[in-house]
Amino acid sequence: MVDINSAELRNPEVKFNYTDDPTILKIEPDWSIASGGTMLTITGTNLATIKEPKMRAKYGAVKSENHCTVVNNTVMVCLAPSVAGSDKSFSEAGNSPDEIGFIMDDVPSVLVVNETFSYHPDPVFEPLSSTGLLELKPGSPLILKGRNLIPSAPGNTKLNYTVLIGETPCVLTLSETQLVCEWPNLTGEHKVTVRVGGFEYSPGTLQIYSDSLLTLPAIIGIGGGGGLLLLVIIIVLIAYKRKSRDADRTLKRLQLQMDNLESRVALECKEGESGGDGRSLALTHLCASVCLCLCLCVCAC
């Protein structure tokens with residue numbers, strides 16, 4: 001029955017029921033990293049009676065909430081709230097939050113639950129290089145080194161990491177101190193992004209060179225070597241041409257001198273015919289000419 005200004009409205013088909021308050025029995029897993037985002041399975045009772053349940057956490061001065069999704073009356077899933085940036089530190093063994101609980105239609109009994117929930121430090125990754133740029137060839141795995149990659153919580157405590165090369169996820173192998181990332185065929189420059197829960201970090205940029213391409217230092221080296229070789233060849237050609245030109249001038253000078261000698265010998269022979277000892281004089285001049293030619297040839301060589 002509904003009473004509006006003393007008017008009573010009744011509808012026998014409309015029924016209003018009271019149910020017991022929801023309860024929380026178990027949170028699994030009972031840990032998260034400081035940045036939150038860990039998928040948690042919550043077991044309880046009368047969970048379906050709550051329209052918009054939320055999980056809340058308080059650690060130091062930090063308070064946060066995350067929405068939950070009801071699966072059925074006894075199970076719902078929540079993302080762990082983040083307590084990153086708290087003024088209180090985190091130990092590797094984990095720290096219990098000041099408060100952990102649920103906001104469920106002002107039900108006070110679940111606002112703070114008595115659970116052994118703990119927060120562990122976020123993972124820490126080393127930069128790819130001092131400059132933030134790492135060069136790799138296709139097929140070479142990317143190795144990301146760091147610490148706190150696996151929280152020291154009981155049970156199966158591995159985190160669900162995602163590593164993106166640009167927009168492409170890679171296949172991961174996880175150990176306590178490193179992530180080994182193998183990606184499909186990529187080339188070019190790509191940003192590397194690591195995500196886990198509510199944590200996201202970029203250790204730098206990856207430059208992937210194709211096997212058929214040369215790196216910039218190799219191109220500079222080949223260009224410099226080729227330029228030096230070309231310069232040496234040009235110098236040798238100039239020296240050879242200059243030497244050839246000098247040899248041509250020497251040969252021309254020798255030819256001119258021989259022509260002059262022949263003319264002189266012929267002239268002296270004619271003059272000797274008029275004298276008594278013309279034959280001996282011509283022979284003497286001929287021998288002198290031959291000796292002079294031999295000397296000139298030796299000098300030219």
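## Strands and sheets in a predicted model

Strand E18 (residues 188–196) and strand E19 (residues 199–208) are joined by 8 bridges and pair in the antiparallel sense. Here, helices (H or I, at least four residues) and strands (E, at least two) are DSSP runs, numbered from the N terminus. Two strands pair if DSSP finds at least two bridges between them. Within this pair, Val-192 has Gly-204 in E19 as its bridge partner.

The structure is a predicted model, in which local features need pLDDT of at least 70, side-chain atom pairs count only at pLDDT 80 or more, and totals for chains, interfaces and linings use all residues. Residues are numbered from 1 along each chain as its sequence is written, and side-chain values use heavy atoms, with hydrogens and water left out.

**Two open sheets**

Strands of a sheet pair through backbone hydrogen bonds, either parallel or antiparallel. E18 and E19 belong to an open sheet of 5 strands, ordered E12-E19-E18-E14-E15, with mixed pairing. Strand E12 (133–136) and strand E15 (168–169) stand at its edges with a single partner strand each, so one side of each has no neighbour in the sheet.

Another open sheet has 4 strands in the order E11-E13-E17-E16, and its pairing is antiparallel. Its edge strands are E11 and strand E16 (171–174), each of which pairs on one side only. The table lists the pairs of this sheet.

| Strand pair | Sense | Bridges |
|---|---|---|
| E11 (residues 124–125) and E13 | antiparallel | 2 bridges |
| E13 and E17 (residues 178–182) | antiparallel | 4 bridges |
| E16 and E17 | antiparallel | 4 bridges |

Individual residues show how these strands line up. Val-124 stands opposite Arg-147 in E13. Leu-142 has Cys-181 in E17 as its bridge partner, and Thr-173 stands opposite Val-180 in E17.

The side chains of strand E13 (residues 142–147) alternate. Leu-142, Leu-144 and Gly-146 point to one face and are buried, where buried means under 20% relative accessible area, exposed over 50%, and partly exposed in between (1.4 Å probe, protein chains only).

**A buried loop residue**

Thr-38 lies in the loop between strand E4 (31–33) and strand E5 (39–45). Thr-38 counts as buried because its relative accessibility is 12%. Leaving aside neighbours within four places in sequence, Thr-38 is in contact (heavy atoms within 4.5 Å) with Pro-29, Trp-31, Ser-32, Ile-33, Cys-78, Leu-79, Ala-80 and Gly-197.
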